[in-house]
Amino acid sequence: FPSHDVDAQVKNVEEINARFCLVDSKELIFMMMDDDKVHESYDLGIWVDTPYFANALEQMFNLTWNNLN
């Protein structure tokens, strides 16, 4: 596998309880369970190939991310 340098940032958002991953503004993986309330062996994620929705969610994410301290 080729190695890639990754510059990642992590911010804590107390007001939003969600886990998801956007991939190239085209795909979306979102977790269905609250990991504070469900044992990890029962966690469930859904992976969808949906450029329309992934792009919209990415725009909402960026608006929120850029307004965080």
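Start by selecting D35, which counts as partly exposed because its relative accessible area is 43%, between the 20% and 50% cut-offs. Keep in mind as you click around that this is a predicted model.

**Next stop: R19**

**Then D43**

Leave R19 on screen and select D43. Here is another salt bridge, with the side chains of D43 and R19 meeting at 2.9 Å, N to O. D43 lies in the loop between β2 and β3 and R19 in the segment before β1, so this pair ties together parts 24 residues apart in sequence. With a relative accessible area of 28%, D43 is partly exposed.

Show R19, D35 and D43 together and you have a network of salt bridges. What brings such pairs about? Side chains of opposite charge can pair when their charged atoms come close.

**A salt bridge with K37**

How many salt bridges are there by this rule? The count is three, and one of them joins D34 to K37, with the closest N and O atoms 4.0 Å apart. Is K37 buried or exposed? K37 counts as exposed, because its relative accessibility is 70%, and the cut-off for exposed is over 50%.

**Over to the nonpolar patch**

Clear the charged residues and pick M32, M33, L44 and I46. These form a nonpolar patch on the surface, and together they have about 310 Å² of accessible area. Zoom in on L44, one of the patch residues. You'll find L44 in the loop between β2 and β3, the strand β3 being residues 45-49. At 41% relative accessibility, L44 counts as partly exposed.

**Last stop: S25**

Finish by selecting S25, in the loop between β1 (20-23) and β2 (27-31). Which residues does S25 touch, leaving aside neighbours within four places in sequence? S25 is in contact with P51, A54, N55 and E58. Bring up the side chain of E58 too: a polar contact of 2.3 Å joins it to the side chain of S25.

Methods
Residues are numbered from 1 along each chain as its sequence is written. This is a predicted model: local features need pLDDT of at least 70, side-chain atom pairs count only at pLDDT 80 or more; totals for chains, interfaces and linings use all residues. Side-chain values use heavy atoms; hydrogens and water are left out. Helices (H or I, at least four residues) and strands (E, at least two) are DSSP runs, numbered from the N terminus. Contact means heavy atoms within 4.5 Å. A polar contact is a pair of N or O atoms within 3.5 Å; within protein, one must be able to donate a hydrogen and the other to accept it, and residues adjacent in sequence count only if both atoms are side-chain atoms. Patches are made of residues with over 30% relative accessible area and no salt bridge: like charges are joined within 9 Å, nonpolar side chains (Val, Leu, Ile, Met, Phe, Trp, Tyr) within 5 Å. Accessible areas come from the Shrake-Rupley method with a 1.4 Å probe; for residues, only the protein chains shown count as cover. Buried means under 20% relative accessible area, exposed over 50%, partly exposed in between (1.4 Å probe, protein chains only).
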